[in-house]
Every structure is written in C-alpha cells, then in structure tokens.
Amino acid sequence: MKKYLSLKSMIKIGLLVVALIFPLFVSGNYVISILVNCLFFAAMAECWNIIGGYGGQVSWCHASFVAIGAYSNFILSNDFGITPFLSLPLGIGISFMLAAVIGHATFRLHGPYFSVATIACGEAVRVLIQYFDKITKGAAGIYVSYKGADFWALTFENDIPFYYLGIIVLLLTVLVTYLFTKSKTGYYLSAIKGDETAAESLGIEVFKVKLTAFQLSAMLSSVVGCFYASFLTYIAPTSTASFDLSMKIGVVAIVGGVASLWGPVVGGFIVILLIEATSVFFGAAGGSQMIYGLLLIVVIIFKPEGIIALFRKNNAEDSKNMELDKKEEA
Amino acid sequence: MGTLLDVNDLSISFGGIKAVQNLNFHIDTGEVLALIGPNGSGKSTTVNMIAGIYIPDKGIIKYDGHVIPNKMDIANRAKLGIARTFQTPRPFANLTVYDNIYTIALLHNKYTEAKEITNDILKLTKLDNLRNTNSGKLSIEKRKWLDLARTMATRPKLIMMDEVMAGLNPAEMEASLDLIRAINKEGITVLFIEHVMKAVVSVCTRAIVLNQGKLLCEGEPREVLNNPDVVAAYLGGETDVAGN
C-alpha cells in the first residue's frame, strides 16, 4: 500500500486548495469574472475533448450544445419560473437527440470532411434558434430575469458563487471524461482514433462508438452551457450558438492538449487569460485576435500534443523497453 | 476435421477489371492454407471479400457451416471469429502495446478477464517486454506481431495473414514463423497470403495459387510451387521457387 501521495497528486490537491481560497484574497469582481470564464471554457473544452481529443473527430459545432443548455435554462426560468437545475434534463435530452441527428449525418465522413460538415450543422442550429423567435426571442437574445440574489435561480450579487460553481462544473467534466476513458467505449474510441479500419476489422462497431462519445460530449456541453448562461446573464444566437464559440472551445482544448485529461484545463486558463490580457493591451483593434491566432500556430507547429505535453515525462521509457527486448532476443 | 471456410464461385470486378473470377476453395479447421500468386492476382481482394471490406458481385462465402450474408459488416464478421492482418501493419499508434491488445480483449470479456487474456497473449507473442511501449515506435517486425496479437484477442477461429513476412530479415522471419506455428497450435486456422516461398513451404499444409483472378492450381506446397504453370505465372522463369 502506498504510504504517501505522489508528487503529482500533491500538486493537484495544492492547486485545488489555492483555487478554493483564492477569492478570499481578491477584491473586486473583475479578476473573479475572468477566472470564471477560464473555468467554464476549460469545462467546455473538456467536453469537446471526449470526441475531438480522445476520438480524433474534430467537431466545430459544440456551441450548439452549449446553446441548448443555455436556452433551456433561460426559457424555462424566465417563462415558467422553473429553476435552472430542473432545466438540465431538458437540455441534456435535446442535446442527446441533436447529437444523434448530427452524428448520423456526419460520421460517415472522415477528417476535414467531417469537420466541415459539423460547421454546417452548427450554423443550421444557430439559424433555427433565430428562426423560432417566439420561443427564443430570435436575434435579440434573452436576458436573465433578475429578482435578487437567489441560489436556485442562479442569480447572485457578484461572481464569487459562479467561481465555485465553475470549479464544480469543471471537476464534474474532468471526472466524467476520466470515467469515460477508462470505460470499454473509451478504449474503443481511442482505438478508432489510432486506426479506424483496423479497429473495425477487429470487431469494434465504429459508428456506434463514435456516436455514443459524441452524445456524451454533447450532453455534458449542455450542462456546462446551462450554468455558463446564468453567469453571462445574456444569451443570443450570434454569441452563444456561434461558430466563433465552437472554434474557441476547440482551440482551448488543442492549445492545452488533446486526448489529455488536464490539457483542456491548462488550455482554458492560458487561452482565456491571454485573450483578456491582450484585449486590455491592444483594446478592440483586433490585436488580441492576432495573438490568439499566433499562439495556435506556434502550438500546432512546435507542440502539437499541446502545452500539457511540456509537463509529461519524455520517451526514455520506450527506448529502454526496446533495448531490453533486443537484449533478451539476442 | 471439418471445413471452416468454403468459398464458392466468388467474383468481383472493379470497373472493367475482373479482379477475382469464379473462385472456389475451402479451408479445413486447424489447417494452414497458403494463398499465393503474383502481384495483382487477386489474393488481397479475396481476403477483403471474406473480411467484408469488398462486397462480391457473385458467389457464396460459407463460414462454420453458415452462409455469410453480403450485407454483414466488417465488425460483425470479426465477431464471428474471422480475423485478418494487413500488408502494412496498422497498430493503434496512440496506444501502448498492452492497450492495443487489451482494447480488443475488452470486446469479448470483462475487465479482469481481459487483463488476463492480454497478459497471456503478450507472453505468447513475445511482446511482454514491450507492453508499456508506444506501439507507434515499434519496429516493422514487432508491429506485425502486434497485429497478430490483436487478432488473437478477438477469439478468432480463422486468421487471414496478409504478407506477414514482407520486409523482414531472415532472423525476423524465423521468429515470425515460430509465432505462426504457435498460433496454429492454439487451434486457430490460418489463411497465409505470402510471397516468401520458403515461409509457405515451412508452415503451410496446402497451397492454392491464383493468377489473374482465377484459381490456377492447388495441392501440397512443394508440389504446387514446382508446377511449371505456377513457375511461369509467378516468376516467369524455371527456377525452383521452393528455394532448393
């Protein structure tokens, strides 16, 4: 039995403790609101990571599922006075079905063809949200109905409760992703990413596995979207269901590190903090977009496994194993 | 010893090219049957039709006494016990050697059983030392062994080995032949598609020869390989292709 925690575990626990007590040392709402953004983007990227990272199916329509969670929350709470917590099953259910429709339409395609098809699906969802304006208020968007601080309505006087909610939601997505990767479907999905033809020839039902992973990723995204909407207080198709948001979610995961449990978390903090910092520095002149694009290019060229790979042990073990094998053969 | 695979009147064309024409052959349970022929003779196409990658234009494939419907997909054929390797090995390069096998073992077993089966296969295929190595970093020989190891995890009755000797040096070839014998000893029937004639003579009990999509002849490997028609079709000369 291990007597002591490993250094890695101690670092993780230390970071969690720091995160939990951090608001005690910060005055004002600005820093906290940026961190809440980081947490929610990390959570959204973690959801994307299930299908985009572990499955290698680069989807650019995840904003659709975030929007479904967000709209389920605001429509039910504003029009029917139902707590956002009870809107979760609705968002999850619609996302599950939408993912099935998108999956059936796109999973016969591969690589960039699949990605382009998901862009079209995401845009179709955005247009549909705009079209059904009697329910969704169309392009005008919806504001949260604020009736004072109320936990069950997810309305607060400052962003500190959202900060803790963000941590909980992020840890939930990390836990679900971890459990998924250790499940049979998780293993099959990784095999499909490795070689789809070989996986199928060995008995893995490729379409079924991809669809299951996509649906899980979509449902989880809608949960994050529900809480993220309450933090934003305003949602609209051009922001919450946009291609820009889908891309940002994917980029956060790619920069942090795909197919890695903590990569999207690292990416969430690096990308969002960088965007905030450059926005302050460059203002609205588009300089921040340039830096953001530059970061993506640098990561893809020099560290395609993402920034998290900087913290991984090197490949010395592989070489050692191969040398040992050769010696035994000799 | 019954018939495991029975191929009747199998044909397929791609555009105007008749890749396989009216092919008939069978494999008995426990046999190691060689399927040989010059490049473009239809060997891999035949394997692809049995595996479900290509749908034949005509003909029947009977496996274990049952006709395999043309519509049956690749994964379901694998579940019946029809496994195959590829000319170019296709490891799941993002996974370790252990996880490559464990993932497939999970298809038919619970987690703990899958672990045991994976360990047994690692020992059988002599990949135990490389269990934690990333499969993308393996040598060609070990990649081919990993392909075989993964097929073993599917609980196969039949393994179609597509040019497992290609690109190997003589020492690697000997080791690979030992592995194939060990796999056959486990009661697994082997369809051995190969260009290396020494290997064919060494492990196969029977051989069939394809030429231009048609069955040219069949029989005991050494006899078949010395058949003048086969020599002419295969090598275009009169050399003893058995290597004597």
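In this predicted model, strands S1(B) and S2(B) form a hairpin with two residues between them, and B:Gly15 in the turn has a positive phi of about 65 degrees. The two strands, S1 covering residues 3-14 and S2 covering residues 17-28 of chain B, pair in the antiparallel sense over eight bridges. Within this pairing, B:Phe14 stands opposite B:Ile17 in S2(B).

The closest N and O atoms of B:Asp9 and B:Lys58 are 3.7 Å apart. B:Asp9 counts as partly exposed, at 30% relative accessibility, and B:Lys58 is likewise partly exposed, with a relative accessible area of 39%.

**Salt bridges**

Over all chains the count comes to twelve salt bridges, and two of the salt bridges in the model are found between chain A and chain B. Side chains of opposite charge can pair when their charged atoms come close.

| Pair | N to O distance |
|---|---|
| A:Glu205 and B:Lys79 | 2.4 Å |
| B:Arg150 and B:Asp147 | 3.0 Å |
| B:Asp128 and B:Arg131 | 3.2 Å |
| B:Asp9 and B:Lys58 | 3.7 Å |

Are B:Arg150 and B:Asp147 buried or exposed? Both B:Arg150 and B:Asp147 are buried. The two residues lie in helix H5 of chain B, three residues apart, about one turn of the helix. An α-helix has 3.6 residues a turn, so residues three or four places apart point the same way. In the pair formed by B:Asp128 and B:Arg131, by contrast, B:Asp128 is partly exposed, with a relative accessible area of 28%, and B:Arg131 is partly exposed at 24%.

**Interface of chain A and chain B**

The size of an interface is often given as the accessible area lost when the parts come together. Here chain A and chain B bury about 2700 Å² between them, and 58% of this area is on carbon and sulfur atoms. The contact takes 28 residues from chain A and 32 residues from chain B. Across the interface there are eight residue pairs in polar contact, with both residues at pLDDT 80 or more.

Three helices of chain A, namely H8 (184-194), H9 (196-201) and H15 (316-329), each supply at least two residues of the side of chain A that touches chain B. H15(A) gives the most to this side, with eight residues. By class, the side of chain A that touches chain B has nine nonpolar, eight polar and eleven charged residues.

**Helix H3 of chain B**

Why is helix H3 of chain B, residues 97-105, described as largely enclosed by the rest of the structure? Eight of its nine residues are buried, so H3(B) is largely enclosed by the rest of the structure. The buried residues of H3(B) are B:Val97, B:Tyr98, B:Asn100, B:Ile101, B:Tyr102, B:Thr103, B:Ile104 and B:Ala105. They pack against helix H4 (111-124) and helix H5 (140-152) of chain B, together with H8 of chain A.

**Two residues of chain A**

A:Lys210 has its place in helix H10 (residues 206-232) of chain A and is buried, with a relative accessible area of 1%. Its side chain makes a polar contact with the side chain of A:Glu196 at 3.3 Å. Not counting residues up to four places away in sequence, A:Lys210 touches A:Ile51, A:Gln57, A:Phe107, A:His110, A:Leu189, A:Ile192 and A:Glu196.

A:Leu274 lies in helix H13 (residues 263-282) of chain A. A:Leu274 is partly exposed, with a relative accessible area of 29%. Leaving aside its neighbours within four places in sequence, A:Leu274 is in contact with A:Ile291 and A:Leu295. A:Leu274 and A:Glu205 are 69 residues apart in sequence, and their C-alpha atoms are 41 Å apart in space.

Terms used: Residues numbered from 1 in each chain as written. Chains lettered and ligands numbered in written order. Predicted model: local features only at pLDDT ≥ 70, side-chain atom pairs only at ≥ 80, totals over all residues. Heavy atoms only, no water. Helix = DSSP H or I, 4+ residues; strand = E, 2+ residues; numbered from the N terminus. Buried < 20%, exposed > 50% of the residue type's maximum accessible area, 1.4 Å probe, protein only. Contact = heavy atoms within 4.5 Å. Buried area = accessible area lost by both parts, 1.4 Å probe. Salt bridge = Lys/Arg side-chain N within 4 Å of Asp/Glu carboxyl O. Polar contact = N/O pair within 3.5 Å; in protein donor to acceptor, adjacent residues only side chain to side chain. Nonpolar A, V, L, I, M, F, W, Y, C, P; charged D, E, K, R; others polar. Pairing = 2+ DSSP bridges.
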